[in-house]
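Hi everyone, thanks for coming. Have a look at the structure on the screen, and I'll talk you through a few spots in it.

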Amino acid sequence: MTSPKVGVGVFLFEPSGKFIIGKRKGSLGAGTYALPGGHLELGETFEHCAAREVLEETGISIDELDIRYLTAVNSVFEEGQHYVTIAMGFLLSADTESKLLEPDKCEGWESARWEDVRDAIEAADNDEKWFQPMIEFVTQRPGFDPFRVCLDY
Ligand code: 8DG
Ligand code: MG
Ligand code: MG
């Protein structure tokens with residue numbers, strides 16, 4: 001039996017309070033909106049993984065020292081995969097441009113407000129729209145507000 005894997009997802013907040021999401025392509029959760037992120041590699045810190053995946057996927061270079069741990073959720077996928085997602089957060093400076101560096105894995109980067117994502121998930125409005133860990137930030141962590149946690153550090 002394979003063991004659970006660790007995924008790191010990163011809330012990249014623009015000064016407006018919106019964060020970056022992208023529709024997944026070609027792998028687990030294709031067609032759903034997820035955070036930039038990926039697998040934690042052997043020996044890697046959460047912060048390093050977050051900075052590495054953000055750079056690989058968006059071209060945005062973020063300082064590991066300013067990356068915050070936000071929460072963790074547990075996701076058992078119908079496909080038989082099991083991931084623990086570590087959510088990290090970072091406050092972007094104004095006018096940061098995100099590039100679509102892995103167009104085979106993501107349709108494009110958009111931005112969303114946490115309240116809108118949370119309300120849509122709570123209303124069970126179009127559940128298939130969201131990558132399972134995103135749904136679990138709401139269902140497993142009632143009251144979770146990633147922007148507030150970032151600002152409170
Ligand atoms: P990698 O294999 O190059 O490390 O990753 P990737 O090519 O960027 O793949 P990915 O599908 O984006 O991420 C790998 C797995 O990480 C994904 O299949 C499920 C898991 N994962 C979570 N939570 C999150 C999340 O919030 N965002 C992303 N992108 N992946 C996540 O468990
Ligand atoms: Mg990646
Ligand atoms: Mg990824």
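One term before we start: a polar contact is a pair of N or O atoms within 3.5 Å; within protein, one must be able to donate a hydrogen and the other to accept it, and residues adjacent in sequence count only if both atoms are side-chain atoms. Glu 57 has a side-chain N or O atom 2.7 Å from an oxygen of ligand 1.

Some housekeeping: this is a predicted model, where local features need pLDDT of at least 70 and side-chain atom pairs count only at pLDDT 80 or more, while totals for chains, interfaces and linings use all residues. Residues are numbered from 1 along each chain as written, chains are lettered from A and ligands numbered from 1 in the order written, and side-chain values use heavy atoms, without hydrogens or water.

Now, the metals. Which residues coordinate the magnesium ion, ligand 2? They're Glu 53 and Glu 57, through OE atoms at 1.9 to 2.2 Å; donors here are N, O and S atoms within 2.8 Å of the metal (3.2 Å for Na, K and Ca), and with water not among the atoms, sites may look incomplete. Glu 57 also coordinates the magnesium ion that is ligand 3, 3.3 Å from ligand 2.

Both glutamates lie in helix α1, residues 46–58, four residues apart, about one turn; helices are DSSP runs (H or I, at least four residues), numbered from the N terminus. Glu 53 and Glu 57 are both buried, meaning under 20% relative accessible area (1.4 Å probe, protein chains only).

Definitions and conventions:
Helices (H or I, at least four residues) and strands (E, at least two) are DSSP runs, numbered from the N terminus. Buried means under 20% relative accessible area, exposed over 50%, partly exposed in between (1.4 Å probe, protein chains only).
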